Amino acid sequence: MDSVHYIQELFTARLPFFPSNIRASLFIMLFCIIAFTELYLYIITRRLKQTWERAREAKYKEKITNMLAHIVLYDEDDVTDAVNHFVPRFKKLPLRDKAVRELLVKELLDYHANFTGKTAEILKGLYLGLKLDRAARRKIKSRYWETQVEGIREVTQMWIREDADLILKLTDDENSQLRMEAQTAFVKLSSDDPFRFLDRARERILEWHQLVLFEVITKTRNVQIPSFSKWLSSRNDSVVMLCLKLVKHYQQLDAIPDLIRLLMHPNLKIRSKTINILGILEAEMAEEDLFNMYFDQPVEIKTEIIKAMGRISSGNYLEFLKSRTQTDDFKIRMDAFRSIKLHGAEGRELLNNIYQVTTSQNKAIINHVLDERIKG
Amino acid sequence: MNSFFYFIEQFFNNAIFYYALFVMLSYVLLAFLSAVEMKSYLRKNSYVDYRQILVSPNAPSVSILAPAYNEEATIVDNVRSLLSLHYSNFEVIIINDGSKDKSLETLIQYYDLEIVDFALNEQIKTKPLKGVYKSKNPAYSKLTVVDKVNGGKSDALNLGINVSSKELILCIDVDCIVEQDAILRMVKPFMDESKRVIATGGVVRIANSCEVRDGRLIKVHLPDKIIPRFQVLEYIRAFLMGRMAWSRLNGLLLISGAMGLFDKEIVIKCGGYNHNTVGEDMELVVRMRRYMHEHDLPYRVVYIPDPLCWTESPSDLNILGRQRNRWTRGTIETLWSHKELFFNPRYGLLGLLSYPYWFFFEWLAPILEFLGLFIFITLALMGNINWEFSLILMSMVYLFAITLSTVAVLYEELSYQQYTSGRDLIKLLLIALIEPLLYHPLNVYWAIRGNIDIITGKKSWGTMTRTGFGAPKVKAA
Amino acid sequence: MVEDEELMLKSLEFRLKKDGYQVFAAKDGVNALELIKEHQFDLIITDIMLPFVGGLEIVSKVKTDPATKNTPVIVLSAVGLENVVLEAFQLGADDFITKPFNLSELSIRVKKHVKQPTF
């Protein structure tokens, strides 16, 4: 009792007589005690609630996975029959409960991602039959970008093409995450002009977004692939980068003249990527340009040029490559030896000849290059 | 005479109060910034499908560099778990730093290794290379084992950098338990920041008492012993509250040696790890940042709060003391060798905020605390103490400390919630109550010892050869 | 049958049982290797991305052990991991199926590899 009284006195009667720092300390103490108690209560009640919710969810999850796993047994039947068989069963779940509905949607989507053919059709039928697409559309119209992303993901996974127009509006959104999500979704869902966003993309497409777009463009079946060279003159460097990657992926030989023009590009990354692609496309007609520009370039471009000459391996520049094996830069020498090696029998012979006369470090590099166990 | 002591005491109380107030305000600010950064990180990445990085031919290539010194008992399992990480374009380079046991032989035998003709591009000077090994079995084509003359951890990593053929290097401790999607998560910032990212750091968590099978974490538990348990709380606070805030400010100075992903080009340009310090992990980051400032290149150093790397922490006071002693020395050495940064506006935030923070909080704080205690005892012995005021000041600091720790626990609850059992949560909350009383004074003591060791030159400046890098190495401060 | 997604594991198990096979399911590589040691299988289907021991390591273990090297192995993988699939073939995998896949196709491929179904 005494201590309570003492503390009470501290904060009341005696308070005005303390020096200011002690008074402030007392207030900070009071604040900490309140904050601390609230934190404790909050953390613990949150945990209890969570435990209860998780248990409930686990119960439904097991039920849902069990029901879904049986769908694979129906893939020889008619799709409509199968859907009609399953819809009433799933309707027995308390789908008005948001947690249960979200759980079902998640499982359905994950499951759907694994299949093509009838199983996928049955799953889509089930999704539509349970009117889950309406909820997804509501999500796309939400005020929060996170929710919008969720909605877009759902309709894209389920291939609901009717929603492409709804998504098109979002491909210009201010939020870059949402914009990217909408762009990728649009590539998948749009049947007429999936790449129109490239024409007007002014913002930089971050490398990460390029990666995602590239994945979607190259992995989605039935996308109409245009000739990407038409965007190689874009003023947006990131659009050029993305299209370079796509030109490479689809081996678009018609882009070679545009690529040669890009060799003068001020952006080093674009220049180096362009040279790389010219090599991969084995563009013999670019060799002279590559040779002419070589001596003015920084090292990272020089090595790319040497690598490209190896990939093209026309034999026209073997002497040049040989001369590069005497430079000071280790990387240039190694790449030169690699490129010589790529010249088939002729290259092998040249390597043997050089080996007889060269320095001990160059010998080591030649051995390294010829050792098939070392990659990269 | 009495009035003189009264004045001293007044001055002392005020000094403690204002210093405490300053420290507390900084922590509140950091906690707030962390909350902002955590929230934006979690929002941004909850919709990311990391498999897209996994399958993409456009993802950056990564070399994992893991130095090994006398690890024969666990090396085979450790390498296996590194090889099974989820990533497509990567290689694992194990650097045998002149182990005296059969680490190399064990690897050669299990992974069917043979020596290859490797031409080394010595971009960073290191102790001599003895041989590069590759496996005859194509299942292990991603593995490269490098044998070298012993030269310490930094030297081993530098040789690994010379051998690496990829764009990014992930430097890790070989005995860490690394989550499968660690590379995927750590690589992402290199692609989604508008400035050039030169390094990303991963959170380090404590694996004591966790269920581990075949080098993989199965279930997370709070450590049974009290010393690692203190460290769990300390790490949560340091990583989720401290470093996230610094990441937000782009002012991170330290990436744990246990887990950091670096831009190889920049590392090579700055000359790699420094082997004249025991704090090579921090020193490298400071030097890389300095390099970027000196060349006027915009850059970022990013922190990933996801729990990706788990390590066994010391459960023995002596070992822990040695670890903390070393951290202190590492901090001092780094601060000393980059003293030009101190409040130097040329280095922007690095010079004006990060460096001074480390100077005042990480280096000076324990010394001030120790001095404070010393003066307090002296005054008390002379009978010139207002016990009530002193107690009030101390209670304030104590209450603030436990509140701050509880906020850290809340952050963990709201984000990753690794300690799923309710009992573990309660234990964690309780440990916060006694941590300032039991664990904190020990830390101050070790830090002081570190300072003394530096001054007496007992074990500093010289190369770290032969000490190897046995047990503790993660820095959480 | 080795697969870490529970729903997939369960449904493929159902499906293969319906086709008349006896199925052993494993959720991770370690478990799978234990099963492979204990039983003589007519076919192994494995995902590539698995916890603990990856699918490639299973293929390599199965194909280097004289006791199991004649057991056919089908590798399941997500789209885009073509280089991994190539590696799997080098290690001796007999067939591969990319997700998403058609169930009927899977069951035909399984039939092709298992000459005599064990009842």
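This is a predicted model: local features need pLDDT of at least 70, side-chain atom pairs count only at pLDDT 80 or more; totals for chains, interfaces and linings use all residues.
Q: How many residues does the largest nonpolar core have?
A: Start with the terms. A residue is buried if 20 or more other C-beta atoms lie within 10 Å of its own, exposed if 12 or fewer, and partly exposed in between; C-beta atoms are placed from the backbone. A nonpolar core is a set of buried Ala, Val, Leu, Ile, Met, Phe, Trp, Tyr and Cys residues joined through C-beta atoms within 7 Å. Here the largest one has 241 residues, and Ile94(B) and Val285(B) have the most contacts inside it. Helix 12 (residues 387–414) of chain B gives the most to this core, 13 residues. Helices (H or I, at least four residues) and strands (E, at least two) are DSSP runs, numbered from the N terminus.

Q: How are two packed helices described?
A: By the angle between their axes and the distance between the axes. Axes are lines fitted to C-alpha atoms, for helices over the stretch in contact, and angles run from 0 to 180 degrees between N-to-C directions. Take helix 2 of chain A and helix 12 of chain B: their angle is about 30 degrees, and their axes are 8 Å apart.

Q: Is Glu282(A) buried, exposed or partly exposed, and what about Ser313(A)?
A: Count C-beta neighbours. Glu282(A) has 15 other C-beta atoms within 10 Å, so Glu282(A) is partly exposed. Ser313(A) has 22 inside 10 Å, so Ser313(A) counts as buried.

Q: What is phi at Glu282(A) and at Ser313(A)?
A: Phi of Glu282(A) is positive, about 50 degrees, although Glu282(A) is not a glycine. Glu282(A) sits in the loop between helix 14 (268–280) and helix 15 (287–294) of chain A. Ser313(A), also not a glycine, has a positive phi near 35 degrees. Its loop lies between helix 16 (299–312) and helix 17 (318–324) of chain A.

Q: Where is Pro100(C)?
A: Pro100(C) is in the loop between strand 3 (95–99) and strand 4 (101–102) of chain C. A cis peptide bond joins Lys99(C) to Pro100(C), with omega about 0 degrees.

Definitions and conventions. Residues are numbered from 1 along each chain as its sequence is written. Chains are lettered from A and ligands numbered from 1 in the order in which they are written.
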